[in-house]
Structures are given as C-alpha cells and as structure tokens.
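Thanks for coming, everyone. I have one structure to walk through today. Please have a look at it first.

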Amino acid sequence: MAHQITNFIFDIDGTLINTYEKYMPPMIDVMEKHGYHVPEDQVDSLKRKLFGITGTDSLRQAGVKEDDIPEMVDEWRKLSFQREDLVTVFPGIKEMITDLAARPDAKLAIATSKVREDYQDHFVKDYDWTKYFDVAVTEELTSKHKPDPDPILLAMKKMGARPENSVYVGDTINDLKAAHNAGIKFAGALYGSSQPQSIQNADYPLHKPQDLLKIN
C-alpha cells in the first residue's frame, strides 16, 4: 500500500524516550542553588511547561538572568547525567520505528533540542534502533529552536522531503507549533506528553506509538 506520509521526523524526549525525571528535578535544584526560588505549588507546572526545549530557553523562560544561564545549563546537564538510570523507552517505540524503517519509501529523521554530545552518548549509543534515523538535527545546528520551524526545516532539507509528505512527531505545544510553522502535519505523542491537553488538537493524535503506523 502506498503512503502519502513518507518522511517521519521525530522529537526525542517525551516522544521516543521518557527523560522527564532525568532532566526536570535537577533544573529546579540548580535554580534553587543559584537563588532562583520556585514556590512549591508552582514547581510541577513549571517543570511541565519547560520540558522539551533547550536548556538555555528553559532557564530564560523561568526568569534566569542571561549572565547566569551558561553556568547553570552546565550544572544542570551534569546533574541530569547522574540520573541516567531513570530513563526508559516508551513501550512499543522500538517495534514502531523498526516497522516504519522496513517500508521501502520511508525516511526517518530526528529534530531535537538535545546537544550533539547528549544525542550521541546518551541516545545513539544506548539504543540499537537509532540506526534507522538517516538524519539528526541537534541544538547546535540551528540558531533558532522550537517553536521556530528551523530544526524541522533543516531536517527536511537534509532528507530531501516535501511538506505534503512529511510529519513531525512530538509531545509538546512547541513541537506542534514548530511543525505547523514548517508547513507540515503534527503527530502528537499523547502517551508521553507531560501536558497532553496542550496537543489534543494534533493532526494525528497518538495514544500509543503504534498509532503512527496507521496514518497515511
């Protein structure tokens, strides 16, 4: 059966692997250490709001001064890597990626807010199914990041993809906005989203990874 959607571009965190507990508690810890107190009743909502964007953008949106951001991002990354054992793959992801890759007309790519080192050392090296991604756009490759479309547009350029044949798979409102700003459809990973209500209007709502195999 021929498929209209042949170019699949994926976010990573909250979409392919569950890294919420790896990244978000350390962000709050680092903010507290540097004097940026978050009231207890606001911690959960702030973590959910800032999950899935670059570390720099997260701290900037949290009100951290520009001069403090580089040091705090570095500390945050180091603390996060100490929590690597908390990361899990969402059930069904490996099978879904493998099935997609078996289609003769399918191309798979990544457009992520991860830095290249994190992508290589804490994603590619950990999961054998990452071999199916032909293209990977990481934070350093674009000056603008989600919700701007630049990472997705660069992935499409590298893939030789047309908008009408492409979909971006992500878990946040910024992923949805980035996809639509790039002129392509959005598949919302409701199964992994920390704010599923924000992506309930996705072009393709995904209640489980295998739902992606059903879109045309």
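Of the contacts in the protein with a separation of 6 or more, 66% are between residues 24 or more positions apart. Contact here means heavy atoms within 4.5 Å.

A word on the source. This is a predicted model, in which local features need pLDDT of at least 70, side-chain atom pairs count only at pLDDT 80 or more, and totals for chains, interfaces and linings use all residues. Residues are numbered from 1 along each chain as its sequence is written, and side-chain values use heavy atoms, with hydrogens and water left out.

Now the overall build. The protein has 8 helices and 8 strands. Those are DSSP runs, numbered from the N terminus: helices are H or I with at least four residues, strands are E with at least two. The radius of gyration is 17 Å, close to the 17 Å that the globule rule gives for 216 residues, so the protein is as compact as a globular protein of that length. That radius is taken over C-alpha atoms, and the rule is 2.2 Å times the number of residues to the power 0.38. Along the principal axes, the C-alpha atoms fill a box of roughly 55 × 30 × 30 Å.

How much of the protein is buried? Of the 216 residues, 54% count as buried. Buried means under 20% relative accessible area, exposed means over 50%, and partly exposed is in between, with a 1.4 Å probe and protein chains only. The exposed surface comes to about 10100 Å², and carbon and sulfur atoms supply 49% of it. Accessible areas come from the Shrake-Rupley method with a 1.4 Å probe; for residues, only the protein chains shown count as cover.

Start with H2, residues 40-50. Its buried residues include Val43, Leu46, Lys47 and Leu50. They cover an arc of only 100° around the axis, which puts them on the same side of H2. The arc is that of the directions from the helix axis to the C-beta atoms. Their cover includes helix H1 (20-33) and helix H3 (55-61). Just after H2 comes Gly52, with a positive phi of about 95°.

Next, H5, residues 93-101. Here Ile93, Met96, Ile97 and Leu100 are buried. Their arc around the axis is only 95°, which puts them on the same side of H5. Strands E1, E3 and E4 are among what covers them.

Then H7, residues 150-159. Which of its residues are buried? They are Pro151, Ile152, Ala155, Met156 and Met159. Seen down the axis, they fall within an arc of 135°, so they line one face of H7. The cover includes strands E1 (7-10), E4 (107-111), E5 (135-137) and E6 (166-170), plus helix H8 (173-181). Gly160 follows H7, and its phi is positive, near 70°.

The peptide bond from Lys146 to Pro147 is cis, with omega near 20°. For background, most residues other than glycine have a negative phi, and most peptide bonds are trans.

Now some individual residues. Phe10 is in strand E1. At 0% relative accessibility, Phe10 counts as buried. Leaving out residues up to four places away in sequence, Phe10 touches a list that includes Met96, Ile97 and Leu100. Also among its contacts are Leu108, Phe133, Tyr168 and Leu212. Val43 is another matter: the C-alpha atoms of Phe10 and Val43 are separated by 28 Å, at 33 residues apart along the chain.

Tyr132 is in the loop between helix H6 (116-124) and E5. Tyr132 counts as partly exposed, at 27% relative accessibility. Beyond its neighbours within four places in sequence, Tyr132 is in contact with Ile97, Thr98, Ala101 and Leu108. Tyr132 and Leu108 are 24 residues apart in sequence and 6.7 Å apart in space, C-alpha to C-alpha.

Last one: Gln82, in the loop between helix H4 (69-81) and strand E3 (88-89). Is Gln82 buried or exposed? At 61% relative accessibility, Gln82 counts as exposed. Its C-alpha atom is 8.2 Å from that of Lys22, 60 residues apart along the chain.

That's my tour. Over to you.
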